[in-house]
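Colleague: Hi! Could you walk me through this one while I have it open?
Modeller: Happy to, here it comes.

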Amino acid sequence: MNLGGLCRTCEVMGVQELVLPNLTLADSWAFRKIAASGQRWQQMSECDPARLTDWLPQQTNYRRVALSVTGTQQLTDYQFHSRTVLVLGRELTGVPEAVLKHCEDRVMIPQYGQVESLNVAVAGAIALYEYRRQHPLKTQ
């Protein structure tokens with residue numbers, strides 16, 4: 001389950017909150033196995049995908065950034081704001097146009113092969129690494 005891998009990455013990278021389509025996903029054995037206990041420490045909430053167009057405009061203190069193959073900026077050139085909501089889509093269909101309309105920026109991961117997409121865990125990990133590279137957590 002790709003969302004379990006994404007949860008693990010979020011926890012490792014110090015993400016404030018992971019928003020899932022449904023929190024019951026995190027209860028499944030497959031999610032917990034791949035999350036490798038990351039679900040114990042990662043703060044999570046839920047937003048039904050059908051409600052994202054209502055939820056995103058409420059995130060007024062954040063820059064809303066969609067990771068999309070139709071992005072207008074390459075991830076390697078993009079400067080993340082410190083307060084960012086990263087919107088990830090489905091592997092085959094991506095981020096719906098109705099959701100993209102609520103994002104200030106569209107960012108794409110440069111790809112060079114024949115396959116035109118990455119799964120959500122891999123794409124999220126690449127984007128989160130770039131975000132954290134630009135905005136490192138202070139170590140103690």
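Colleague: Let's start with Gln59. Where does Gln59 lie?
Modeller: Gln59 lies in the loop between α4 and β3; helices here are DSSP runs of H or I with at least four residues, strands are E runs of at least two, and both are numbered from the N terminus. Before we go on, this is a predicted model, where local features need pLDDT of at least 70, side-chain atom pairs count only at pLDDT 80 or more, and totals for chains, interfaces and linings use all residues. Residues are numbered from 1 along each chain as its sequence is written, and side-chain values use heavy atoms, with hydrogens and water left out.

Colleague: Thanks. Is Gln59 buried or exposed?
Modeller: Gln59 counts as buried, at 15% relative accessibility. Buried means under 20% relative accessible area, exposed means over 50%, and partly exposed is in between, with a 1.4 Å probe and protein chains only.

Colleague: And what does Gln59 touch?
Modeller: Leaving out residues up to four places away in sequence, Gln59 touches Arg64 and Val85. Contact means heavy atoms within 4.5 Å.

Colleague: Which backbone oxygens lie by the side chain of Arg64?
Modeller: One is the backbone oxygen of Gln59, 3.3 Å from a polar atom of the Arg64 side chain. Another is the backbone oxygen of His102, at 2.7 Å from a polar atom of that side chain. A polar contact here is a pair of N or O atoms within 3.5 Å; within protein, one must be able to donate a hydrogen and the other to accept it, and residues adjacent in sequence count only if both atoms are side-chain atoms.

Colleague: Where is Arg64, and is Arg64 buried or exposed?
Modeller: Arg64 lies in strand β3 and is buried, with a relative accessible area of 13%. Not counting residues up to four places away in sequence, Arg64 touches several residues, including Leu56, Pro57, Cys103, Glu104 and Asp105.

Colleague: What about Gln58?
Modeller: Gln58 sits in the loop between α4 (52–55) and β3 (63–67). Gln58 counts as exposed, at 57% relative accessibility. A polar atom of its side chain lies 3.2 Å from the backbone oxygen of Asp54.

Colleague: Switching topic: how do α1 and α6 pack?
Modeller: Helix α1 (residues 2–13) and helix α6 (residues 120–134) pack at an angle of about 15 degrees, with axes 8 Å apart. That makes α1 roughly parallel to α6, since angles under 35 degrees count as roughly parallel, over 145 as roughly antiparallel, 65 to 115 as roughly perpendicular and the rest as oblique. The axes are lines fitted to C-alpha atoms, for helices over the stretch in contact, and angles run from 0 to 180 degrees between N-to-C directions.

Colleague: Which residues of α1 and α6 meet?
Modeller: From α1, among them Leu3, Leu6 and Met13; from α6, among them Val120, Leu128 and Tyr129.

Colleague: Leu6, okay. How far apart are Phe31 and Leu6?
Modeller: Phe31 and Leu6 are 25 residues apart in sequence and 9.7 Å apart in space, C-alpha to C-alpha. Phe31 lies in helix α2 and is buried, with a relative accessible area of 0%.

Colleague: Last one: what is phi for Ala36 and Ser37?
Modeller: Phi of Ala36 is near 50 degrees, and phi of Ser37 is near 75 degrees. Most residues other than glycine have a negative phi. Ala36 is in the loop between α2 (29–35) and α3 (38–41), and is partly exposed at 38% relative accessible area. Ser37 is in the loop between α2 and α3, partly exposed at 22%.
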